[in-house]
Amino acid sequence: MDYEGAFKKAVTEVRNEGRYRVFADVKRIQGQFPRARRRTESGEQDIVIWCSNDYLGQGQHPRVLEAMTRAIEDVGAGSGGTRNISGTTSFHVDLEQELADLHQKEAALLFTSGYVANDATLATMSRILPGCIIFSDEKNHASMIEGIRRSGCEKRVFRHNDVAHLEALLARAPIDAPKLIAFESVYSMDGDVSPIHAICDLAERYSAMTYLDEVHAVGLYGARGAGIAERDGALDRIDVIEGTLGKAFGLMGGYIAGSHAMVDAIRSFAPGFIFTTSLAPVLAAGALESVRILKSPEGVDLRARHQRQANLLKRLFLEAGLPVMESSTTHIVPLLVGDAVQCKAISDRLLQDHGVYVQPINFPTVARGTERLRFTPSPLHEDGLCEALVQSVLDVWHTKASSQVA
């Protein structure tokens, strides 16, 4: 077996499809987000980050940095082990209580990432509920799909946000079978929102549990930043809420929130929780402060400014005749390109010629033929940056059109 040849062949196929990913060597500048510097062979280039999931710039918030500095001075760097051995600190305990309160649930449980939270929880829940059938939206995140796959349970995929199709699948399931409906609130590539109340109505009608991934909504929606379920008055209708600390909260980690019994069961049985070193206390301390900020009046102001800048950028793109995807009703601003090679070429030119950093979104993240550039303006992307971005995109887009590669 030519092992090296197999690896090279696999990568060559990705290159030939225009899907090969190149990581930009970016150095964020403390206190200057979204401005940053990119290291190149010839030196450094000033750039503006337009694709960060640090949606509110909380990773640069002075109070978050101060909390992390105090924590590292007080307790050091690492956690010391898994939560079961020596990796539970007061920062972890306090953060879980704060997250449970945010989502108006009895308990919460931390994981090392949102991916692990979804994967571990979904895989474990199905094993605790013998004969469980999971009903999954076709556009659910890869971490949800993987967790459902590893659960070994029966799964039924419903068309994206199609409540009628979901009901048809539920109606055909055995009445006495445990059922779990897994879906997201904000779908991060299209920017659309799920019909939470309609799905919860079906869950109640067919005795199903609800599992809601709020990773692209926590911190950003609702009176205290609990997400779309809070904004829409549906928190009490969701059994399990999964969120992340790595996006609007600006740090790293994931979590679930729900009843004491459910959280305790996942804590006791999920290998992805039991056998993993816990989050470093410095990360938990920073996240704790960030959650508290976004629950406060300051968070209300940040969310309002965030929505304003997202709406401004959409309007400027549309006025310029650029193809903003109609699906987006949230803070995510995707421009449809529709070709993997061109998507990467546009991204490369924006970075090299204009200092605009936005990554191409290609298969398998989105379906072939729907490749796009995904812009995520923050409250710190002031109007002048938005206007300059549109001009930069137009320059590259017109060059693309004139060369007949669109």
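**Close-up views of a predicted model**

**View 1. The largest nonpolar core of the predicted model.** This core has 62 residues, and those with the most contacts inside it are Leu95, Leu99, Phe135, Ile181, Ile196 and Leu245. A nonpolar core is a set of buried Ala, Val, Leu, Ile, Met, Phe, Trp, Tyr and Cys residues joined through side-chain atoms within 4.5 Å; buried means under 20% relative accessible area, exposed over 50%, and partly exposed in between (1.4 Å probe, protein chains only). Helix α11 (residues 281-295) supplies the largest share of the core, nine residues. Helices (H or I, at least four residues) and strands (E, at least two) are DSSP runs, numbered from the N terminus. A second, separate core of 32 residues includes Leu322, Leu335, Val390 and Leu394. Residues are numbered from 1 along each chain as its sequence is written, and side-chain values use heavy atoms, with hydrogens and water left out. In this predicted model, local features need pLDDT of at least 70 and side-chain atom pairs count only at pLDDT 80 or more, whereas totals for chains, interfaces and linings use all residues.

**View 2. Surroundings of Ile181.** Not counting residues up to four places away in sequence, Ile181 touches Phe135, Phe158, Leu166, Leu170, Ile199, Ala203, Ala208, Met209, Thr210 and Tyr211. Contact means heavy atoms within 4.5 Å.

**View 3. The open sheet of seven strands.** With mixed pairing, the strands take the order β4-β12-β11-β10-β7-β5-β6; two strands pair if DSSP finds at least two bridges between them. The edge strands, β4 (107-111) and β6 (154-158), each pair on one side only. Strand β5 (residues 133-137) is joined to β6 in the parallel sense over five bridges, and Ile134 has Lys155 as its bridge partner in β6.

**View 4. Helix α4 and the sheet.** Helix α4 (residues 114-128) lies across β4, β5, β7 (179-184), β10 (209-213), β11 (240-244) and β12 (254-258), and runs at about 165° to β10. Axes are lines fitted to C-alpha atoms, for helices over the stretch in contact, and angles run from 0 to 180 degrees between N-to-C directions.

**View 5. The setting of Ser278.** Ser278 lies in the loop between α10 (271-274) and α11. Ser278 counts as buried because its relative accessibility is 11%. Its side chain makes a polar contact with the side chain of Ser79 (2.9 Å). A polar contact is a pair of N or O atoms within 3.5 Å; within protein, one must be able to donate a hydrogen and the other to accept it, and residues adjacent in sequence count only if both atoms are side-chain atoms.
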